[in-house]
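Hi everyone, thanks for making time for this. Let me put the model up on the screen, and then I'll walk you through the parts I'd like us to look at together.

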Amino acid sequence: MESYQREISKLKQLSMAVMESKEQNASKNKKEQERYVALMDKLQDERKKQQEHVDKIMHRLANEKDYWFLSRSAKSAKNETITQFLQLCLFPRCTFTALDAIYCAKFVHTIHNLKTANFSTLLCYDRIFCDITYSVTSCTENEATRYGRFLCAMLETVMRWHSDEATFNKECANYPGFVTKFRVSNQYSEAIDHVNYENYRHVCHKWHYKITKAMVFCLDSKDYMQIRNSLIILMRILPHFPVLTKLSQILEKKVEKVREEEKNQRQDLFVLASSYIGQLKAKAGQMMLESDFHQVPEKTFKAAASTTTTP
């Protein structure tokens, strides 16, 4: 509903500008004023109807959520349920259209917010980010664009939780989606069963490393489709990846290599690589050191990139 508020605020500003304007005659100013007021009233009414619709849908989802992921065992809840959800629901739809890509990412977030039983948000994100090589390889050019949109929307949520401990504690700390030890009795009250903020930041580092590893593999493959799709996806997720200086340098080096190799060969890849490098360099000032991304003992900095933290 924020978009409605933004538009209403714009109309209020325009209305005030008309009132203060001395360039037009009074009659014309009055008509403009009435038009803006009518538009604001229309938007207010539309926002109210949309909010009622959203409330109705959310009420229905809240009533049905406990029946979505029925499971006979804790192990199945943590593994098989996520596998089936990804294979049967998420992956087939996230590359269908641009809107479907965003919808899939938002729906995962909604499932988490509803505190849905037997759904591990952490494991879902982990499965999505830990090996994207196959998805990158199997996409058409248009599907790669949509898949990039999907990953970007997923990373937006991940990095919002990563950036602020208060936000993480409010939206994740006591949610069943961040439980690491599943009990048959479904008792999630013990704090030790939940991923805390710093552990979550460690997991985020692993995800960023895994995405980088997959992109490097595709860029080094010499295969046209893998290189093209990886560049398309990298451009789509640029608002939220990379954010680490070290990983940014690795990607820049690999893409620069592709750029040089394709300079007099495949011009479309040369153009894509050149465009990405330009945009990546423009973000150089926003990159952060690994020590700012998560707390890692100095002796383990070098080992951190190769260590996988299983949620």
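Lys-115 sits in the loop between H5 and helix H6 (121-130); helices here are DSSP runs of H or I of at least four residues, strands are E runs of at least two, and both are numbered from the N terminus. This is a predicted model, where local features need pLDDT of at least 70, side-chain atom pairs count only at pLDDT 80 or more, and totals for chains, interfaces and linings use all residues. Residues are numbered from 1 along each chain as its sequence is written, and side-chain values use heavy atoms, with hydrogens and water left out.

Back to our lysine. Lys-115 has a positive phi of about 55° although it is not a glycine. Most residues other than glycine have a negative phi, and most peptide bonds are trans. With a relative accessibility of 41%, Lys-115 counts as partly exposed, a class that lies between buried, under 20% relative accessible area, and exposed, over 50% (1.4 Å probe, protein chains only).

Then the peptide bond from Phe-241 to Pro-242 is cis, with omega near -5°; Pro-242 lies in the loop between H11 and helix H12 (245-261).

Now let's zoom out. The chain has 15 helices and zero strands. Of its 311 residues, 44% count as buried. Among contacts between residues at least 6 apart in sequence, 74% join residues at least 24 apart, where contact means heavy atoms within 4.5 Å.

On to H5, the helix that Lys-115 follows. Which residues of H5 are buried? They are Asp-100, Ala-101, Cys-104, Ala-105, Val-108, His-109, Thr-110, Ile-111 and His-112. Those buried residues pack against H2, helix H4 (80-94), H6, H8 and helix H9 (165-171). At 1.5 Å a residue, the 16 residues of H5 should span 22 Å, and its end C-alpha atoms are 23 Å apart, which agrees; the expected span is 1.5 Å times one less than the number of residues.

H2 (residues 26-64) has 39 residues that should span 57 Å, and its end C-alpha atoms are 57 Å apart, in agreement. Its buried residues are Asn-29, Gln-33, Tyr-36, Met-40, Leu-43, Arg-47 and Leu-61. They pack against helix H1 (2-20) and helix H5 (98-113). As a reminder, an α-helix has 3.6 residues a turn, so residues three or four places apart point the same way.

Next comes H10. This helix is mostly covered, with 18 of its 23 residues buried. At its start, a side-chain oxygen of Asn-196 reaches to within 3.3 Å of the backbone nitrogen of Glu-198.

How does H10 pack with H8 (residues 141-163), and at what angle? The angle is about 145°, with the axes 10 Å apart; axes are lines fitted to C-alpha atoms, for helices over the stretch in contact, and angles run from 0 to 180 degrees between N-to-C directions. Leu-155, Val-158, Met-159, Trp-161, His-162 and Ser-163 in H8 meet Tyr-197, Tyr-200, Arg-201, Cys-204, Trp-207, His-208 and Ile-211 in H10. By class, that contact has nine nonpolar, three polar and one charged residues. Here Ala, Val, Leu, Ile, Met, Phe, Trp, Tyr, Cys and Pro count as nonpolar, Asp, Glu, Lys and Arg as charged, and the others, Gly among them, as polar.

H10 (residues 197-219) also meets H11 (residues 224-236), where the axes come within 8 Å and cross at roughly 145°. Met-215, Phe-217, Cys-218 and Leu-219 of H10 touch Gln-226, Ile-227, Ser-230, Leu-231 and Leu-234 of H11. These divide into seven nonpolar, two polar and no charged residues.

One last stop, please: His-294, in the loop between helix H14 (290-293) and helix H15 (301-304). Is His-294 buried or exposed? Its relative accessible area is 3%, so His-294 is buried. Leaving aside neighbours within four places in sequence, His-294 is in contact with Glu-198, Arg-201, His-202 and His-205. The side chains of His-294 and His-202 make a polar contact at 2.8 Å, meaning a pair of N or O atoms within 3.5 Å; within protein, one must be able to donate a hydrogen and the other to accept it, and residues adjacent in sequence count only if both atoms are side-chain atoms.
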